[in-house]
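Q: I would like to go through this structure with you, one topic at a time. Shall we begin?

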Amino acid sequence: MTDLSTATVRLGRSGLVLDDREETLLCASLFYFRLPREVWEARLAQVRATGYRAIDVYLPWNFHETAPGAWDFEGRRDVGAFLDLAHAAGLAVIARPGPYICSEWDGGALPSWLALEDGLQLRQAEPKFLAQVGRWFDQAMPILAERQWGRGGSVVAVQLENELDFFDTHDRHAYLTALRDMALGHGIDVPLVACAGQGDLVGATGGVEGVAPAFNFYPDDRSPFVEAEVRRYADLVGAQGLPLLVTETNRAHTTLRRLMASGATLLAPYLQASGYDFGYTPSTGNWGDPGGFMTHDYDFGGYLSPVGEARAESAEARVLAALARTLGPALARATTVEARGISADVPTSASPSQLVLDGGGTLTGVPNLGDEPGTAAVGGVSIALAPFSCALVLRDLPLAGFGLPGTLKFASADLVSADGGLEFASRVPSTIVLEGAGGAQVVEVDAPQRGGSVVTEVASGGDRWTVVVHHPEDVAAPDGAPGVISPALPEPESLTAATRLDLETRTGETTAHELPPTSEAIGVYRGRTHYAASVAGATELLIEGAGDIVDLALDGTALPSLARFGATVRVPVDGASRLEATVETWGHANFDDSRLPGLAIGSLRGLGRVWSIASSEDVASLWTVGGGAQWAGDPAPVRTLAGWSSTRIGRPATYRRALPVDGTSHYALHLAGLQTPVEITADGASAIVSPDDPWVHFGPGEGREVAITMAHWPVDGGGATLLRLEAVRDWQVEAQADHALLALSAKDSAGTVIELPLELEAGEEVWLDVPVPAGGRSLRFEGGQLRVSAFANGELLGRVWLDDAARPKFTGGDPGRLWIPGSWNTGAVRLLVHGTAGGDRPRLERVTAAASPE
């Protein structure tokens, strides 16, 4: 290991100090796994041109271990090459190898097959899981160790785990200690950090020595309370001699300025440089919406779009980066306090922050949280505020450290350079006050126009200054480049010609299974699994645990798609004799959500269990009620489930009864009309049942005595039904993993040239080749009752789901856009088009292609 005393990166009160250069760092998320390798260098250059000096990079475990023991670090998985390009671009890297990364990525990057190992406990200090993590770190950590900053590389810090304070890790100290020791054992000697997702320092780090806490703040950009919260954490870590590292936050520079003024020395807005999820890599169950899908277009409005378009915030980035670079150590070493004596005629912070700069002077954040321009008074001086902005007002800054005379007494514009003269940036009129030998001189500058910087010569006695005020768009990148420019692009082209291919959409090769296996158990970690079985004699089916996308057909008649993520569903059979099902994995849950079975981290995919409902019995009545000493008496009253009435709203009541189970069959208890989560205790075990999945399964011999505890709420509780179940057996199953689908998509085939629109039957699938003009293209699809998968360059570009009532909510970027990079475009895209049931006849109207800047 490198001697820490000679390392060129250290963690101090002023932040991450690189080569003894103390500076508040701006850091953009930029993920190699969300970009083609061919655009890595250009996208890194775009980030560097904004003035950001660092990027943070996740390393997704399941992107590199594509199947158990199958490692891939070639091509666009060559993370070492990406890190080398980052170093060549002059960007420091905060590496985040997990093992869990979240990132709205399939399973949070934990390989789906881990859940198949009996006794393995994800994200716990448990031997089987730690052994698997050790295998991953054996692959990833040497790549990082070889490229540490102190060894001539780009890696300045390594983050262990991610937002562990959201997860119920039983022994955080033991778990983080194990991860730390693995990292150290591989020669990692740059700082180790662990980020808190909801402010729990010990929950994130386990209190482990040698692992510094970092924070992910995602406030409402318009909240007036941001500063007070952030200052609290700056004080907490400052008392330990540590800096406030914000490893994730919102992208608006108005908010970033507020965080900087509140003491953050690392600002890493998440996904400032957006990306794109190729293949079967988006996760599911995002953003508080149970069962939501993440778009392939992975975009939260950062300053670079997924296809490389520069947005307005890129100019704000250059300004803030230039200010941090100019103030340098004075800003990095500053202490933060609550600002006093500030008033504004617009919505503003309830408790604004002020930085006391090292060596003299202050920097005060004055937000305008509204959408109209306004004014504020700072130290008795009136300043203009742009809509939704945060002025960073400098006062009493000695200029000797810049080789200039006198003092900058006041500046409402941003100081972006002090190299020979004073350069500022502002969108609104600004006030600048300079004090020299002859006293204070006030400069009032109108808002500059783009391309028309205002230059003023100022003198005070024998002291002279050149003052330049730029429009933010005219602030140069640190290397003097003009910044990020997006070229004008032509209008999208409509693609109406296609070739319908004589190509099967599956092989039809099946294996026999008594019960439907999970997809992962038969090697489908990404892709589709097809199931078929006889349901002759059944009148109704119960399906438990199916997910993600489930397409059912009874005797060849397609049913509306299911996207219920393991929630139990009843399916009428209506005299049919054969059930067919195709289960497509959109992605494994990246967050641990207990509301639906398929949203638990580590949950598996597939059809789940399929039962024939043999009988149904109403069990809503004859429940005894216990509500504590002040509620029901002894003997206990008998009521319907949820039928006890009281003024004690929200207090728990427990309902008990024996269920008519036979001791040999499987049963399912359905709690209709459930309003809130309840706790069910049976056979000595307790479980929480959610309104999103109000079902409880009892195996043979289980469920004789049941207790249900629920908070009293004065509404109808609905009913309770007990279903006796018989397993549907003897299944034929076809595994169609992602590599099998890719192989099909690459086959040569004859076909018939057609003109769109194309109409299909519900449940029908076809392959199409659609000609695409050369270059990078954003593809869009018009139609309804369709799912479209697009393939090019041996990759799945992504999937869209058109106009279907069964379609879940999509979050992230644009759910209708698929991207074919220019380097992958051979002149055509191959589509797998699947018609869905439940609406109008499936119809692909047309495809449009818009040029993308690459």
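Q: Is Cys27 buried or exposed?
A: Cys27 is buried, with a relative accessible area of 0%. Buried means under 20% relative accessible area, exposed over 50%, and partly exposed in between, with a 1.4 Å probe and protein chains only. This is a predicted model, in which local features need pLDDT of at least 70 and side-chain atom pairs count only at pLDDT 80 or more, while totals for chains, interfaces and linings use all residues. Residues are numbered from 1 along each chain as its sequence is written, and side-chain values use heavy atoms, with hydrogens and water left out.

Q: How many disulfides are there in the whole structure?
A: A search of the whole structure finds zero disulfides, a disulfide being a pair of cysteine sulfur atoms within 2.5 Å. Cys27 is in no disulfide, and the nearest cysteine sulfur, that of Cys195, is 12 Å away.

Q: Turning to helices, which residues of α3 are buried?
A: In helix α3 (residues 79-88), the buried residues are Val79, Gly80, Ala81, Phe82, Leu83 and Ala86. Helices (H or I, at least four residues) and strands (E, at least two) are DSSP runs, numbered from the N terminus.

Q: What do those buried residues pack against?
A: The buried residues of α3 have several partners, including α1 (40-49), β4 (54-58), β7 (92-98) and α4. Contact means heavy atoms within 4.5 Å. Just after α3, Gly90 takes a positive phi of about 80 degrees.

Q: At what angle do α4 and α5 pack?
A: Helix α4 (residues 127-145) and helix α5 (residues 172-185) pack at about 30 degrees, with their axes 10 Å apart. Axes are lines fitted to C-alpha atoms, for helices over the stretch in contact, and angles run from 0 to 180 degrees between N-to-C directions. The two helices, α4 and α5, are therefore roughly parallel to each other, a label for angles under 35 degrees.

Q: Which residues make that contact?
A: Phe129, Leu130, Val133, Gly134, Phe137 and Met141 of α4 meet Tyr175, Ala178, Leu179, Met182 and Ala183 of α5.

Q: Now the sheets: what is the strand order in the open sheet of three strands?
A: The order is β17-β20-β21, with antiparallel pairing. Two strands pair if DSSP finds at least two bridges between them. β17 (342-344) and β21 (381-385) are the edge strands, each pairing on one side only. The twist averages 25 degrees from one strand to the next.

Q: How many bridges join β20 to β21?
A: Five bridges join strand β20 (residues 374-378) to β21, and Val378 has Val381 in β21 as its bridge partner.

Q: Where is the covered face of β40?
A: In strand β40 (residues 623-626), Trp623 and Val625 form the covered face, and Thr624 and Gly626 the uncovered one. In a regular strand the side chains alternate between the two faces of the sheet. Thr624 stands opposite Val638 in β41, and its bridge partner in β42 is Arg656.

Q: Last topic: what is the phi of Leu271?
A: Leu271 has a positive phi of about 60 degrees although it is not a glycine. Leu271 is buried, with a relative accessible area of 0%.

How values were computed
Parallel < 35°, antiparallel > 145°, perpendicular 65-115°, else oblique.
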